[in-house]
Amino acid sequence: MRKTAIGFALILLIVLTACGKPAWVGHQESEPLEGTQPLFDLKAYDPSEKVQVAWDGQTAPGTFERHPKFPLGVYLPEGATAFKMGNDTAWGFQDKQIFMTVTQNSLIDASLMRDRTEELMGYKEYKGSINDGRIADFFQVEHGGETYVVSFTYLDTAKALPLLTEMAKSLRSIE
């Protein structure tokens with residue numbers, strides 16, 4: 001009887017494992033992120049400030065672009081624009097699928113962000129990523145009693161992350 005029960009349990013284990021992830025795995029949570037370096041400092045916007053944006057081996061003056069809904073703005077490199085992305089405003093290069101958005105009411109469930117972008121894990125605001133062929137990285141930023149969700153969306157990490165992190169560092173509050 002005992003050998004039969006053990007045999008049955010082993011067969012069941014093999015079948016469950018062959019059908020995908022083992023049954024006891026269930027919903028896996030990612031390890032909590034513990035970055036310490038700030039990416040966003042959200043200084044107050046100063047119209048006389050000259051911000052250089054480095055990207056693709058070049059440094060050029062950035063052009064300030066204000067968010068239409070929030071008291072925030074960002075410096076964009078030459079050729080980047082603000083454009084509509086669903087109900088949000090995105091900043092970046094729509095044709096290259098490299099852009100950043102800011103929202104307050106994110107519909108993103110933290111449990112879906114099980115992927116990690118190694119280059120961003122040191123930043124304290126980084127909350128995780130979703131990689132379904134197109135990468136979306138998410139950050140939570142607190143400012144003026146409000147919580148904002150900043151997202152980066154791109155296809156090519158090596159090309160996009162240097163630009164997006166430069167843009168994130170240039171995010172300013174408008175008082």
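**Strand β10**

I started with strand β10, residues 146–154, in this predicted model. Of its 9 residues, 7 are buried, so I noted the strand as mostly covered. Buried here means under 20% relative accessible area, exposed means over 50%, and partly exposed lies in between (1.4 Å probe, protein chains only). Strands are DSSP runs of E with at least two residues, helices are runs of H or I with at least four, and both are numbered from the N terminus.

I noted the ground rules. The model is predicted, so local features need pLDDT of at least 70 and side-chain atom pairs count only at pLDDT 80 or more, while totals for chains, interfaces and linings use all residues. Residues are numbered from 1 along each chain as its sequence is written, and side-chain values use heavy atoms, with hydrogens and water left out.

**Partners of β10**

Strand β9 (residues 135–143) runs antiparallel to β10, with 9 bridges. There, Ile135 stands opposite Tyr154. The hairpin of β9 and β10 has 2 residues between the strands, and Gly144 takes a positive phi near 60 degrees. Strand β7 (residues 98–103) is also antiparallel to β10, joined by 5 bridges. Thr101 of this pairing faces Ser151 in β10.

**Confidence**

I checked pLDDT, the predictor's confidence in each residue from 0 to 100. The protein chain averages 81, and 78% of the residues score at least 70. Over residues 4–29 the value is below 50, and this stretch has 9 contacts beyond near neighbours in sequence. A contact means heavy atoms within 4.5 Å. Where pLDDT is low, the predicted coordinates should not be read in detail.

**Aromatic pairs**

I found 9 aromatic pairs in the structure. Rings of Phe, Tyr and Trp (its six-membered ring) pair if their centres lie within 6.5 Å; planes under 30 degrees apart are stacked, over 60 edge-to-face, and the rest tilted.

Tyr45 and Tyr75 make a tilted pair, 6.4 Å centre to centre with 45 degrees between the planes. Tyr45 sits in the loop between α1 (2–18) and β1 (52–55) and Tyr75 in strand β4 (residues 72–76), so the pair ties together parts 30 residues apart in sequence. Tyr45 is partly exposed at 30% relative accessible area, whereas Tyr75 is buried at 3%.

I then looked at Tyr126 and Phe139, whose ring centres are 5.6 Å apart and whose planes stand at 55 degrees, so this pair is tilted. Tyr126 belongs to strand β8 (residues 126–131) and Phe139 to strand β9, so parts 13 residues apart in sequence are tied together. Tyr126 is buried at 1% relative accessibility. Phe139 is buried, with a relative accessible area of 1%. Ring pairs link Phe40, Tyr126, Phe139 and Phe152 into a cluster.

Notes
Two strands pair if DSSP finds at least two bridges between them.
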